[in-house]
Every structure is written in structure tokens, then in C-alpha cells.
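User: I would like a close look at one part of this model. Please keep it simple and connected.
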Amino acid sequence: MPIRDEARRHLVPHFTRSAVWRADDLPVLERGAGCYVWDSDGERWLDGLSGLFCVNLGHGRADLAEAAAEQMRRLAFATNWGSAHPPAIEAARRIAAVAPGDLDHVFFVNSGSEAVESALKLARNYHLARGESSRTKVIARTWSYHGTTLGALAVTGIPAMREPFAPMLWNGVVHVPNTLDAPPGALGAPARDLPCVRAIEEAILREGPETVSLLIAEPVQNGRGALVAPPGYWQELRRLCDAYGVLLCADEVINAFGRLGHWFGSERVGVVPDLITFAKGVTSAYQPLAGVVARRPVIETIWDSPGGSFVHGSTFGGHPVATAVAVANLRALDEEKVFANVLANEASLRARLEDVAARHRCVREIRGQGYFYAVELMADRDSGRDLDEAQTAALRGGLLLQYIREARILIRPDDRGATFMAVAPPLIADPAVLDDLAERIDRICARVDRFIASRT
Ligand code: PLP
């Protein structure tokens, strides 16, 4: 049976409309090397999204495969409950060594959603340990994505993802405006006077500071398209959290491990949060691994409380094979100076995308930082005309995905609050790969321009 038919017969896809799953051109990806992958028809694709913001070191690394095989031969499994094992100890040590400030305790899980769940519970456990049992609420931002499990979904601020499960979601989350309307450079006033900052303080006061446990935000927010906060914004988040006894969590599931050219995005925005959630790039996706790195006093407060433990865990959290791969990945990211590659090339990646934008009236804006960008679309930048309902429906309904596929590039057509493409190449992408990336996105934008012209 042809492999696509076999896929459709037994496999249930994630977040995929049935029409896309049933289409004749469904890609079945078989192998990868560097920034490229090959499908079952032998076609070569440029991986412009690092898998899903995660294959930071690129595809086909024999050293990471060998780290996994070696650990499987030595000890395939042990838990982190009541005992420990060398790869988890070493991975935690390495993460602690590069995390900001005194964030030096690591709790491992298997996915970003679980990392967010863990942060919610860790914050709650901490407040309980301090006798502040009324602190349960969480503040998060609109259009943010924090995962799919019910706790993380409650924190997520994307209406279409929440809606089907709304009756099952905990109602202790308050969503405040993201930084879309306060982009870097648009700042005349101090960050503390920005409406999106004031809204956070108002929310804390409205809910009652003694009821608020955690504020969670991404340094660069993926939902709504690579939103970069203005200077001073994160310092304001830190100030507000300190003033009202709220823990600050940077959700760095995408941002960490070099996406913004640093170990952690928090470093780039110059803030020491209380918790950082991470996943994806910690193993460059060669194994599923995620976690929370916490400030020492947070963990010590829990250890020293009458309960004396973080009441949370899972079978595979900090799996020996996954943490062994993390160790090999973290070593390679460091030794191969991968973040220096991002910092050296990020301006030219932006410039290439800006050039594409300048050639096509359908591009509203390029936003992002590091190797993490959004190309937001509209109908006609010159006249300021937005996509109308029919154009939006057609592009989101499959046309944009078709153009992307025909350009043989893996980037993400996104509809979260706008119509845009998410772009995040592997961190090893060199100028030749970035040229290829820009050329393929140029082709896509040309087709969008032609489509809009045909429908105007
Ligand atoms: N948090 C953020 C910021 C994310 O981007 C994601 C996934 O992309 C998650 C949490 C959830 O991670 P996962 O898909 O591994 O559960």
C-alpha cells in the first residue's frame, strides 16, 4: 500500500484538517541532513522551521545518535524519583551553569506542555510552602501558546484552541494584552507607562495580589507572530512580580537554546525570572525532553517546608536516553559556537526578509529576532488594504500551505490573530541557506500577490 494511504489508515495527525491529511501531496518525510530533509518521493525540502522550532543543530547528527545508543546500551531506563542517574545529573548541571542568575535547579519532563504544567504546580507548591495558600491565579498574554494539556491550555490565549474545551478549563487565568501594539522602537514613554504593562498591574490589583501565583510570558511570543517586546518591558514584568509577590515564568520552549542567539531569551531581555520552562532545543529534538529551571530559593523553600517535596512527577521525566542526548547537544551547541552563528547572521536574515517584503505588496511586516521571524500578510501594503474575508478564507483554507509546499520549504502558515508565515531555520543555517530560504519565501509571496490581484 502506498505510504500516504497507510498513514491515513492508522495515524491520527496533530492539529491537521482532514482535507490536508487526505490531500495527494501529503509529505512523508524520511531523512534529513543539515538544514534539508527528503520526502518519500525523493524531493528535497528546506527546513525553514527547524522541524517545529526545535532541530536547532540541524538534521543528521551522528554524535547525538551515538549518545542515545551508548546510553541505551549502558542503562536504558531509571527514574528521577527517589534516585538519580548520571545523564540527568549532568544535563541539569549544564543547564544550571548557563541559566541566568541563581536559576540552578532543573525539573525534567517530556514536553513543553508538561513543562508549563510543572511551572504552574511548582509556583503553587512554593506559595503553599510559604503559607500563602490563596495564591492560585495565573496571568498570561493574549494569543500566547503555552501547550495543549488542560492546565497549559487554560493558560494559552488562543481562542480557537480553547473554545472546544472551554467547559473543561480552569478559570483562574487572566489574559492581558501582549506587546503587539508596543513594538520595539515605538516607545516614546517609559515602559512602565505602556498600556500593555499597566494592564498587568491593573489585573493583579483587580484580582487581589494575594490571589496571584504566577505571571507567564515568552521573551519573543510565537502566537500572533514573533512579537518582540519593547526595551524595558521585561524589567517592568520583574518589578511588578517583585512588588506583588508573584513568581515570574519565562516560557522559553521556543526561545531557549539559541533561537535568539543566547542560551536563554531571558538573557537577551536582561531579566532573571523565577522559573524558565524549556523543551524543543534542549536536545535539538533528537529526543523528547523538557523541563523547568527554577531559582534556588524557590526550590529550597519547598524542600524546607513541612511538606518537603514538589508534589509532581512522571515516569519518563528526565529519561536517561533523552538527558544523555541533551548533554551531547548542549556540548555541541557550545563547542561549535552555534549561537555566534545566529548573532553573526541575524541581521542579514532580517535584511533578506525585508528585501522580500519590499518586493511584495502582500507583506505587511517582518517581525522577530535571532533565527525567529514572522512574515505577516495583507492585501496591499501600498494602499493599506487588508485581506478581505474571502481572501483570508482562501489563504488560510489551504492556498498558503499549497504555495509553501510548492516552494518545497517547511515553514508554517499561521492564522493565530493574523495571516502569517512563521520562519525559524536551524541555528546552523549559513548565508547560502539563508539565501535559499529568502528565495523560496519570495516565490511564495509572489504567488500571494498574484492571487490577490486575481481576486480584487
Ligand atoms: N510553550 C510554548 C511557548 C510553546 O511554543 C509550546 C509549543 O510549541 C509549548 C509550550 C508546548 O510544547 P509541546 O508542544 O512540547 O507540548
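Which residues in the largest nonpolar core touch the most other members?

Analyst: This is a predicted model: local features need pLDDT of at least 70, side-chain atom pairs count only at pLDDT 80 or more, and totals for chains, interfaces and linings use all residues. Residues are numbered from 1 along each chain as its sequence is written, and side-chain values use heavy atoms, without hydrogens and water.

Five residues answer your question: Ile 95, Phe 257, Met 421, Ile 441 and Ile 444. The core has 97 residues. A nonpolar core is a set of buried Ala, Val, Leu, Ile, Met, Phe, Trp, Tyr and Cys residues joined through side-chain atoms within 4.5 Å. Buried means under 20% relative accessible area (1.4 Å probe, protein chains only). Helix 16, residues 431-454, gives the most to this core: 10 residues. Helices are DSSP runs of H or I with at least four residues, and strands are E runs of at least two, numbered from the N terminus.

Now take Met 421. Beyond its neighbours within four places in sequence, its contacts (heavy atoms within 4.5 Å) include Tyr 373, Leu 400, Ile 411, Ile 441 and Ile 444.

Met 421 is in strand 17, where it is the bridge partner of Pro 413. Strand 17 covers residues 420-423 and runs antiparallel to strand 16, with 3 bridges joining them. Two strands pair if DSSP finds at least two bridges between them. The open sheet has 4 strands in the order 13-14-17-16, with antiparallel pairing. Strand 13 (363-369) and strand 16 (412-414) each have a single partner strand, so one side of each has no neighbour in the sheet.

Terms used
Buried means under 20% relative accessible area, exposed over 50%, partly exposed in between (1.4 Å probe, protein chains only).
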